[in-house]
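The following note sets out some points for a colleague who has the sequence and the model at hand.

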Amino acid sequence: MLKFKQLNFFKILNLLLNGANLKSPFSIHILGELKFGKNITIGRNVTFSGDVSIEDGATIEDYCLIKDAYLSKNSRIKSHSIVEDSRIGKMSFIGPFARVRGNSLVGDECQIGNFVELKNSFIGLGCRINHMAFIGDATLEDDVTIGAGTITCNHD
């Protein structure tokens, strides 16, 4: 029976053989199923778990955790960010130091900046949440800008 390190090696080899740009191949951990497109870039110390799909041209920078997520074409996950149980739209960026969790959908061409956390939210096309905000249980229509220090939540 193959050990984890051996299985991880074969998954990384598959990435390399299929044209992925890996900054530090042996610091990447794949703990589930990873589907990927062409011309993707993965930084150092990135962990994938569960079912993850990455479309063409997407970039995941250093020290990110991607779990049960879908990253659309040309999306960018900046360093030290977490994306779990969520979908990121085309040409959107997340982070650095951001967290997208719990059934969130980020639309195309969005900016989710540093120290922003999303939970169970729909973020429309072209929205900007640039820094230091918590957006929980919210729906943002297209082209909404959220200022620093904003909190939305569902409190009983």
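1. F9 is part of helix 1, which covers residues 4-17. The model is a predicted one, and in it F9 has a relative accessibility of 36%, so this phenylalanine counts as partly exposed. F9 also belongs to a nonpolar surface patch, together with F10, L13, L17 and F26. The accessible area of these residues together is about 540 Å².

2. As to the overall make-up, the protein chain has 1 helix and 19 strands. Its radius of gyration is 16 Å, close to the 15 Å that the globule rule gives for 156 residues, so the chain is as compact as a globular protein of that length. The C-alpha trace spans about 50 × 30 × 20 Å along its principal axes.

3. Which share of the contacts between residues at least 6 apart in sequence joins residues at least 24 apart? The figure for the protein chain is 2%. Of the 156 residues, 41% are buried. The accessible surface comes to about 8100 Å², and carbon and sulfur atoms account for 52% of that surface.

4. Strand 11 (residues 93-94) runs parallel to strand 14 and is joined to it by 2 bridges, with I94 opposite I112. Strand 12 (residues 99-101) is likewise parallel to strand 14, through 3 bridges, and here R101 faces K119. Strand 14 is in turn joined to strand 16 (residues 128-136) by 7 bridges, again in the parallel sense. I112 stands opposite I129 of strand 16, and V116 has A133 as its bridge partner in that strand.

5. The pairing continues from strand 16 towards the end of the numbering. Strand 18 (residues 145-146) pairs with strand 16 in the parallel sense over 2 bridges, and the partner of I129 in strand 18 is I146.

6. By the rule applied, the model holds 6 salt bridges. One of them joins D62 to R44, with the closest N and O atoms 3.4 Å apart. D62 lies in the loop between strand 5 (59-60) and strand 6 (65-67), and R44 in the loop between strand 3 (41-42) and strand 4 (47-54), so the pair ties together parts that are 18 residues apart in sequence. D62 is partly exposed at a relative accessible area of 21%, and R44 is partly exposed at 39%.

7. A further salt bridge links E84 to R99, where the closest N and O atoms are 2.7 Å apart. Because E84 is in strand 9 (residues 82-84) and R99 in strand 12, this pair ties together parts that are 15 residues apart in sequence. Are the two partners buried or partly exposed? E84 counts as buried, at 14% relative accessibility, whereas R99 is partly exposed, at 33%.

8. The side chains of E117 and R101 also meet in a salt bridge, at 2.5 Å from N to O. E117 is in strand 14 and R101 in strand 12, and the pair links parts of the chain 16 residues apart. Both are partly exposed: E117 has a relative accessibility of 22% and R101 one of 23%. Salt bridges with shared partners join E84, R99, R101 and E117 into one network.

9. S72 is in the loop between strand 7 (70-71) and strand 8 (76-77). This serine is buried, with a relative accessible area of 5%. Residues up to four places away in sequence aside, S72 touches E55, A58, R87, I88, G89 and K90.

10. L105 is in strand 13 (residues 105-106) and counts as partly exposed, at 31% relative accessibility. Apart from neighbours within four places in sequence, L105 is in contact with R87, S121, F122 and I123. The C-alpha atoms of L105 and H131, which are 26 residues apart along the chain, are separated by 18 Å.

Note on methods
Residues are numbered from 1 along each chain as its sequence is written. This is a predicted model: local features need pLDDT of at least 70, side-chain atom pairs count only at pLDDT 80 or more; totals for chains, interfaces and linings use all residues. Side-chain values use heavy atoms; hydrogens and water are left out. Patches are made of residues with over 30% relative accessible area and no salt bridge: like charges are joined within 9 Å, nonpolar side chains (Val, Leu, Ile, Met, Phe, Trp, Tyr) within 5 Å. Accessible areas come from the Shrake-Rupley method with a 1.4 Å probe; for residues, only the protein chains shown count as cover. A salt bridge is a side-chain nitrogen of Lys or Arg within 4 Å of a carboxyl oxygen of Asp or Glu. Helices (H or I, at least four residues) and strands (E, at least two) are DSSP runs, numbered from the N terminus. Buried means under 20% relative accessible area, exposed over 50%, partly exposed in between (1.4 Å probe, protein chains only). The radius of gyration is taken over C-alpha atoms; the globule rule is 2.2 Å times the number of residues to the power 0.38. Contact means heavy atoms within 4.5 Å. Two strands pair if DSSP finds at least two bridges between them.
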